[in-house]
Amino acid sequence: MTMSVVLSQEKKPLIRFDLKKCAYCKICELSCSHRHYKKFGDALSRITIIRKGPTMLKCFICTRCDKRFCIGACPTKALSYKGGNIEVDPSLCNSCGDCVEACPFHGIKLHPETKLPIICDLCGGDPSCIKECPKGALSLIWLPESRKGY
Amino acid sequence: MKYSGYKGKILRVNLTTRKFSTVEVTDEFARKYLGGNGFAARHLFDLVDPKIDAFDASNVVAMMTGPFQGINIPTAGKYYMATKSPLTNGYFDSVSGGHIGAQIKYAGYDGILITGKADRPSYIFIDDGKVEIRLAEKFWGRLTGETQELVKEEIGDPNLCVSAIGPAGENLVRYACVITEYRAAGRGGVGAVLGSKKVKAIAVRGSGTNEVSDPEAFDAWMKWYKEEAKKVPALATGLPTYGTPALVASIGKMLGAMGSYNHKTEFFENWENISGERLKKEFWDKDTACPACPIACSKVFSAKSGKWKGAISEGPEYETIYSLGSMCGIDDLGAIIKGDSLCDEWGMDTVSYGVTIAFMMEAYEKGLITKENTGGLEFNFGNDDVMVSHIEKTAKREGIGNLIAEGSLRIARTVGGGSERFAIQVKGLEIPGHSARALRGMALGYSTATRGGSHHDPRPTGEYAGVSDRKAVEGKASWVIGTQQMTTIGDSLVQCHFLERLLGFTLTQKYVDMINPVTGFGYTFQELVDVAERILDLERAFNVRTGIRRKDDTLPRRFLEEPIPEGPSQGMYTDEPTLNRMLDEFYALKGWDPGTGIPTRQKLVRIGLEDVADRLEQGL
């Protein structure tokens, strides 16, 4: 279901969010759901933008953090880190939602119908949210595998 | 359903009985009425006794979507509200940006019809198929921003979409609005009708989706849009850079057609102080957008210095710079930003409030309102303290605020002295910042619009662009009918009219080409024109049953008798004989009776509204 990205071993990807540029149009959410499911709906989006006040916006998406809280929290070992992405093994997942709760970045949702975790997979290396953002508020950067604070 | 973009049902909420039900949206109904405006016009015509007071429990508030909500088509991140207006007493609709439109779709509905009256302050929470009427006593009296946050907290979802009314709606200010995020379903008092029903807020979330009928054709249209929009300066640079305040220079300075000092003139000498360029340079914080809109014409502005330092608002839009600014003789953008944010927070329409204050200022100047009425305050033009401080007083109906809350026409009828002449309204609705004197089409357009003084029934843009000669009388009726058809289709798709510069100021084949890939209707151009006429005539029929006739299709006396006194449009106005000539032509083209302004049976039958013709004949 998820696509892996060929990565150099020392670097890992991060979708960077520019608060100043984001206009809260949520085109990223729609393009994400459309890219993965050919349907439009924010419940199917792996990226979420929330507005808190006139100029404060927050972006929630998998950060590929070092601690991989989701993997540790999964009671059935359905999650693994491969090629820069968290992958879900549907045959092992019991849809308990522990990974959703464990992610401090609110980067995981359960699919409303299949109840399987949906997590950013970088669209195979060319993220749709970045391509479609009319304000250039999202960008893909590469960080060292080990980062303090993530 | 056979067609895409629809969920096939509308939710009905009865607040008195606390019962919910659904009304089916059939393929035939969707094709005949398209969405938003069309769905609401049909249901309100069927459900609302037009003779009731707008605050009667049996009035209905419609909150609607069209086929475009929840997909990524540009400028459709909106929702549509309609009711019988407490300001005009007629059919009234107001469209606003906000993510709640998409959420209604995702929750599985094409719209909501709210009737009855709750016994205690309440809010409606729609969570996919689950609907609740929850107590809102602890939110009653709160501002719109706080209310949205409190509802999100109570439900425990920071991403929840909430539309709320402010104290102005609770206290039945006749032009109280509904606020979603920072945008307003501003005009006509939909917020007051919700207030009369004791509905403080509507919260919606849905986990569903919306899809298009023909993905390939839709993708091709999206590609076409992206290429073509780059070639339209307003969409490519003007609106993204400055937003609507860019119009201050083009309308205010170049055309001299921006009402000032309650339309005693239309050339504001200090236009530069309130210009879009100045706003951008000195007040801009960030761009914001309605959902799914790449234009992002909305801006957050704040006052960084001066008397109103610290004032912050998403906006003001051009209309608010006109109403709170030039109309009141105020050239301090800080005060306008402050007023804009207070109107949003207390929950009232900036246009009607500002134009009403301007009316009060002229009445004060003429001695019709005195310090005795104003509590000792000097109510003079240019007084920004008065403009700002009376927002709260109006929302609370405190002191003279109780009068201001009634709108300019009702105040004129109270204070008398011939002041109705300079009450800048049509059918009770205050006129926005597009001149009925400098634009011939707006003279006829405002006169005949369902809502009265609204620039989203007829559109001024084509006359600004010179596509229709703003001075011409010949052919103006057909032009105005075309713009009204275009806005009605836009309001049914629940899509912003800013695409008019790309798709056409009047209905064109380009609208058909946008609609068909999404819905699968396979409309012809004539079919779409008929949809527009059907909706417009339903609205007119609603208003006819409230007593509206040809005599009501007119303008304030000031506009019919006093030419613009100065500036680039000096001398322009439309006198009564000219207006009548245009009206004759308008009614003839519409198929409305020339004496009464009532749609004829022949016309109604032609567009598939025989039952409406029957109702009109029975109910007059």
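Q: What makes E8-E7-E12-E9-E10-E11 of chain B an open sheet of 6 strands?
A: In this predicted model, the strands stand in that order with mixed pairing. A strand (E) is a DSSP run of at least two residues, a helix (H or I) one of at least four, both numbered from the N terminus. Two strands pair if DSSP finds at least two bridges between them. Strand E8 (130–135) and strand E11 (183–185) of chain B stand at the edges, each with a single partner strand, so one side of each has no neighbour in the sheet.

Q: How do you know that strand E7 and strand E12 of chain B are joined?
A: Pairing needs at least two bridges. Strand E7 (residues 122–127) and strand E12 (residues 199–205) of chain B have 6 bridges and run parallel. Tyr123(B) stands opposite Ala201(B) in E12(B).

Q: Which elements give two or more residues to the side of chain A that touches chain B?
A: The contact takes 24 residues from chain A and 28 residues from chain B. Two residues are in contact if their C-beta atoms, placed from the backbone, lie within 7 Å. Helix H1 (27–37) and strand E2 (48–51) of chain A are the elements that give two or more. The largest share, 5 residues, comes from H1(A).

Q: How is confidence in chain A described?
A: pLDDT is the predictor's confidence in each residue, from 0 to 100. Chain A has a mean pLDDT of 91, and 89% of its residues reach 70 or more. Over residues 1–9 of chain A, pLDDT stays under 50.

Q: How are residues and chains labelled, and which pLDDT limits apply?
A: Residues are numbered from 1 along each chain as its sequence is written, while chains are lettered from A and ligands numbered from 1 in the order written. In this predicted model, local features need pLDDT of at least 70 and side-chain atom pairs count only at 80 or more, while totals for chains, interfaces and linings use all residues.
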